[in-house]
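Dear colleague,

Please find the structure below, handed over for your records. A summary of the findings follows it.

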Amino acid sequence: MRAFTYERAATPQAATRAAQADGAKFIGGGTNLLDLMKLEIETPSHLVDVGALPLREVQDTPDGGLRIGALVTNTDLASHPRVRAEYGVLTRAIVAGASGQIRNKATTGGNLLQRARCPYFYDPNLPCNKREPGSGCAALRGYSRTLAVIGTSDACIAQHPSDMAVALRVLDAAVETMRPDGHTRSVPLDDFYRLPGDTPHVETTLDPGELITGVTLPPPVGGRQLYRKVRDRSSYAFALVSVAAIVDGDSVRLAFGGVAPRPWRVEAAETVAQTAPPAERAGAIIDRAFDGARPTAQNAFKLPLLGRTLTAVFEQATTEDQA
Ligand SMILES: Cc1cc2nc3c(=O)[nH]c(=O)nc-3n(C[C@H](O)[C@H](O)[C@H](O)COP(=O)(O)OP(=O)(O)OC[C@H]3O[C@@H](n4cnc5c(N)ncnc54)[C@H](O)[C@@H]3O)c2cc1C
Ligand code: SF4
């Protein structure tokens with residue numbers, strides 16, 4: 001690991017100011033960043049620890065929604081009474097990820113910004129445009145079974161690994177931030193992640209030194225809220241594919257994980273649920289949501305797997321309705 005300096009910020013303003021130093025980076029729970037520093041994939045020269053900031057609350061908003069502080073741990077968020085009762089898809093997605101110990105440390109802000117899980121991103125001996133811009137993409141001709149099938153570019157085919165973000169996308173969450181000049185803004189999650197294009201190392205629309213201060217959720221929408229994750233082993237593994245769903249009769253909201261550089265949601269595909277015959281519903285939605293997909297030979301299996309996973313989600317919604 002490279003040498004670095006460290007400071008603990010006391011206020012969000014102080015954190016954003018400190019993050020303007022050359023080579024500075026925020027650290028939340030450290031469960032992703034420290035691993036990357038040990039491998040020298042991330043080499044910050046200065047760490048700004050945000051752990052002492054007053055951003056650990058989950059609060060009701062005046063419109064009946066929720067505001068989740070950026071430092072709320074994944075464990076606390078998943079077990080919050082209103083989240084469990086009214087935003088169940090979020091609880092289900094969070095507990096499908098990582099392990100209990102990691103969820104105890106991992107923060108809401110850090111989870112959103114966790115880096116890619118492409119094997120070549122972790123291997124400094126091989127080209128990776130995300131790790132070293134302009135070096136090439138070893139995955140295009142290499143092992144790509146776990147990687148994205150849509151939203152990719154010739155420069156990068158990595159998928160976004162977060163389970164939590166997929167649930168936040170189906171819930172229409174927005175990310176609250178503070179910029180180094182002290183200005184705050186709210187960015188819909190749909191606009192938060194960038195597709196890779198020619199610059200896969202630029203993953204979000206955050207400015208350098210911009211701090212995530214929280215995430216807001218609109219008022220609850222009800223419905224059956226489900227998260228189904230398919231992975232190579234039943235725990236401690238990232239999604240091959242996942243589906244976050246809110247099902248209310250023929251009305252559905254769906255976001256997909258493990259398949260794109262950001263949580264993948266195509267609202268136009270959701271309307272297909274209202275017209276397609278039940279037996280064809282899942283397939284028709286996947287065809288529409290993944291129109292234009294560019295899978296590799298190794299990960300083309302994800303498209304039929306998405307159809308089967310969505311079928312299982314609809315069956316689960318019906319079973320739970322009857323229970
Ligand atoms: C073994 C293992 C298995 C895992 N399995 C899963 C899984 O199945 N599903 C899943 O979704 N995740 C999984 N994870 C990833 C885990 O969820 C993330 O490591 C965690 O959520 C990151 O949160 P953190 O607070 O520790 O982030 P950190 O490691 O502290 O930071 C991550 C990034 O976010 C930035 N950052 C942190 N806080 C802020 C802020 N407030 N504002 C701006 N930038 C900020 C940091 O600079 C850094 O770039 C796994 C991790 C491990 C180690
Ligand atoms: S897919 Fe992206 S992360 Fe993986 S090697 Fe290519 S550029 Fe790097």
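Arg-265 is buried, with a relative accessible area of 11%. Please note that the model is predicted. The side chain of Arg-265 meets that of Asp-172 in a salt bridge, at 3.0 Å from N to O. Asp-172 lies in the loop between helix 8 (164-170) and strand 6, and Arg-265 in the loop between strand 11 (251-257) and helix 10 (267-270), so the pair ties together parts that are 93 residues apart in sequence. Asp-172 itself is partly exposed, at 35% relative accessible area. Through shared partners, salt bridges join Arg-169, Asp-172, Asp-190, Arg-253, Arg-265, Glu-267 and Glu-270 into one network.

The count of salt bridges comes to 22. Another of them pairs Arg-67 with Glu-176, with the closest N and O atoms 2.6 Å apart. Arg-67 belongs to strand 5 (residues 66-69) and Glu-176 to strand 6 (residues 174-178), so this contact ties together parts 109 residues apart in sequence. By contrast, Arg-82 and Glu-86 both lie in helix 4 (residues 81-86), four residues apart; the closest N and O atoms of their salt bridge are 2.5 Å apart. Arg-82 counts as buried at 18% relative accessibility, whereas Glu-86 is partly exposed at 30%.

Ligand 2 sits in the second largest cavity. It is surrounded by 13 residues, the closest being Cys-118, Cys-128, Cys-137, Cys-156 and Ile-157. By class, this shell has 11 nonpolar residues, one polar and one charged.

Lastly, an unreviewed UniProt entry lists residues 1-222 as "domain: FAD-binding PCMH-type". Over these residues the chain is 25% helix and 16% strand.

With kind regards

How values were computed:
Residues numbered from 1 in each chain as written. Chains lettered and ligands numbered in written order. Predicted model: local features only at pLDDT ≥ 70, side-chain atom pairs only at ≥ 80, totals over all residues. Heavy atoms only, no water. Near = heavy atom within 4 Å. 1 Å grid on protein atoms, 1.4 Å probe; cavity = no way out; pocket = protein on both sides within 12 Å on 5 of 7 lines; lining within 4 Å. Sits in = over half its atoms within 2 Å of the grid points. Nonpolar A, V, L, I, M, F, W, Y, C, P; charged D, E, K, R; others polar. UniProt positions renumbered as here; feature names shortened; annotations may be inferred. Helix = DSSP H or I, 4+ residues; strand = E, 2+ residues; numbered from the N terminus. Salt bridge = Lys/Arg side-chain N within 4 Å of Asp/Glu carboxyl O. Buried < 20%, exposed > 50% of the residue type's maximum accessible area, 1.4 Å probe, protein only.
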